[in-house]
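Here's a quick briefing to read alongside the model. Have the viewer open as you go.

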Amino acid sequence: MKLSRQQVQHIALLARLGLTEAEIEKFQLQLSNILENFEILQQVDTTNVPPTTQVISLSNVFREDITEDSYSPEEILANSPLQEDNCFKVRAVLEES
Amino acid sequence: MSKLCELTAHEAHQLLKERKISSLELTKATLMRLDKVETKLHACVTINSESALRQAAEADKYMKKGYIHPLTGIPALIKDNMCTKGLRTTCSSKILENFLPPYDATVVTKLKAVKAVIIGKTNMDEFAMGSSTENSAFFPTKNPWDLARVPGGSSGGSATAVAADETLYALGSDTGGSIRQPAGFCNVVGLKPTYGRVSRFGLVAFASSLDQIGPITKDVTDCALVLNTIAGYDPKDSTSIPYPIPDYTKALVSDIKNLRIGIPKEYFVEGMQAEVRAILISAINKLQELGAKIDWEVSLPYTKYALAVYYILAPSEASANLARYDGVKYGFSYQETSNMWEAMEKTKQFGFGVEVKRRIMLGTYALSAGYYDAYYLKAQKVRTLIRWEFDKAFEKYDALVTLTSPTVPFKIGEKIEDPLQMYLSDVCTIPVNIAGIPTISIPAGFVDNLPVGIQIMGKPLSEETLLRIAFAYEQATDWHKRKPPL
């Protein structure tokens with residue numbers, strides 16, 4: 001299966017991943033090659049086979065809803081590039097029109 | 001007495017217990033060794049000398065009071081994808097170059113609780129994506145047996161450091177072979193425990209359903225000691241298994257009489273080097289001599305689909321996990337724009353290396369509308385078939401034995417431009433993560449002075465059986481005692 005240039009750009013947009021021209025070209029070729037190798041899975045009959053999402057037989061792991069000490073805002077914000085009033089500062093999501 | 005840095009952890013423990021050495025002496029000797037060989041090897045991203053000496057002095061004080069645990073006062077290195085409070089944790093990525101975790105990973109908490117001495121953080125393929133440690137954003141690590149070759153990956157820094165006596169032991173993580181393959185390439189012992197046996201809390205996530213932390217050590221005894229210390233249920237990791245941990249050192253008995261060992265023929269892959277294959281055969285013969293019952297006719301036909309399953313599932317999980325690096329909460333952040341989307345795209349563009357980008361692309365594609373069923377869901381179903389096949393095999397066999405890697409360590413630069421060739425080097429290790437089973441890699445011989453490892457696989461929570469076989473083999477051979485010429 002050969003990926004088109006538009007497909008590569010579309011995937012990058014879905015991932016919000018910026019790519020250079022050179023990377024787009026390289027990935028178009030490499031990802032096509034890799035995906036072609038995955039075609040082998042289509043040979044396998046998986047009728048009535050359930051998917052595995054995790055390998056241990058635990059489900060619905062709950063704990064008591066008790067309050068515990070947590071981190072201070074200072075500790076949590078210490079690695080953030082922009083902050084204001086003990087909050088992460090983000091750019092405007094909605095632009096004024 | 002041999003040089004202190006050359007000791008195994010259990011040998012050092014004995015000397016500490018008898019008060020023949022102090023942790024400070026041991027730590028200084030290890031730091032001196034690091035200082036001497038690190039410029040050649042580049043195994044570490046961060047060396048924590050001052051703090052290491054402080055930790056050693058504390059450990060000495062603690063031991064004076066009469067407390068001692070097998071890892072007390074013993075120097076350790078941690079792969080740089082496990083959070084260490086206040087100590088830079090980079091994942092060998094530009095995007096986390098200056099990240100100072102506000103907390104310790106559970107495994108680090110456990111080591112600190114017994115007063116282990118954490119001397120630094122080891123190099124790795126960026127976000128553990130790779131098989132050679134060439135994908136580190138900082139520098140490649142060199143194989144101590146041949147500086148022109150890779151140490152394997154992604155825990156290449158940890159394996160190199162242990163092989164070169166830069167530490168007494170190290171922690172690695174294994175998503176598709178990242179503990180075992182470098183252990184095999186560097187002539188050390190590496191264990192990937194059962195999925196859920198060791199807490200993943202504080203391990204920077206790559207592929208959450210496959211990742212597992214484990215020991216990289218100089219011998220099997222140390223492997224059991226480190227596993228004793230890091231294993232166990234953790235309420236902070238909802239996928240950790242709530243079963244009690246046995247004392248793994250009890251498994252270190254040199255008796256494998258009548259254990260049933262299967263040799264799956266699908267692991268004799270195309271491209272397997274003849275001399276490497278010969279080492280596997282003689283290792284199996286040795287196990288037979290020691291009393292194991294060998295069956296050469298085991299077949300696991302779904303093995304050939306494992307690589308495709310892995311390279312769909314791991315990038316899919318990775319693409320979801322890595323979406324968090326948006327430049328807002330921590331990590332590198334592109335600032336030269338007021339547009340939110342552009343900031344996010346450029347943050348990832350400049351923060352991630354090419355292999356990480358490739359996997360984000362692959363995973364995003366496999367999860368995208370129209371392709372989810374054909375790739376992701378199909379891979380999850382084939383994953384079930386691979387697990388069932390292992391389950392069935394382990395009804396008949398106590399363990400399966402294969403090579404860890406079908407070749408000796410390859411040259412630096414040899415595969416880096418061809419991702420598919422690089423992915424193929426994980427062909428023996430990957431099925432294990434897909435099934436979530438435990439597997440140990442141990443030294444088994446040399447081809448032209450390059451190490452070869454074999455791996456012993458077992459059913460879930462059979463670490464004791466694996467350690468027992470590995471220990472019996474180690475007692476009967478001395479590959480693990482060979483040191484690289486540095």
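What percentage of the 97 residues in chain A do buried residues make up? They make up 18%, where buried stands for 20 or more other C-beta atoms within 10 Å of a residue's own, with C-beta atoms placed from the backbone. Keep in mind that this is a predicted model, where local features need pLDDT of at least 70, side-chain atom pairs count only at pLDDT 80 or more, and totals for chains, interfaces and linings use all residues. Residues are numbered from 1 along each chain as its sequence is written, while chains are lettered from A and ligands numbered from 1 in the order in which they are written.

**Chain A**
- Chain A has three helices and two strands (DSSP runs numbered from the N terminus: H or I of at least four residues for helices, E of at least two for strands).
- Along the sequence, the pattern reads α-α-α-β-β.
- With a radius of gyration of 23 Å, well over the 13 Å from the globule rule for 97 residues, chain A is more spread out than a compact globule (the radius is taken over C-alpha atoms, and the rule is 2.2 Å times the number of residues to the power 0.38).
- Taken along the principal axes, the C-alpha atoms of chain A fill a box of roughly 55 × 45 × 30 Å.

**Where the chains touch**
- Chain B puts 54 residues into the contact and chain A puts in 43 (contact is C-beta atoms, placed from the backbone, within 7 Å).
- On the chain B side, helix 12 gives the largest share, eleven residues.
- That side of chain B splits into 28 nonpolar, 16 polar and ten charged residues (Ala, Val, Leu, Ile, Met, Phe, Trp, Tyr, Cys and Pro are nonpolar, Asp, Glu, Lys and Arg charged, and the others, Gly among them, polar).

**The sheet in chain B**
- Eleven strands of chain B make an open, mixed sheet in the order 1-3-2-4-6-5-10-11-9-7-8 (strands pair if DSSP finds at least two bridges between them).
- Strands 1 (44-47) and 8 (293-298) of chain B sit at the edges with a single partner strand each, so one side of each has no neighbour in the sheet.
- Strand 10 (439-447) and strand 11 (450-457) of chain B pair in the antiparallel sense over eight bridges.
- Ile442(B) has Ile454(B), in strand 11 of chain B, as its bridge partner.

Definitions and conventions
A residue is buried if 20 or more other C-beta atoms lie within 10 Å of its own, exposed if 12 or fewer, and partly exposed in between; C-beta atoms are placed from the backbone. Two residues are in contact if their C-beta atoms, placed from the backbone, lie within 7 Å.
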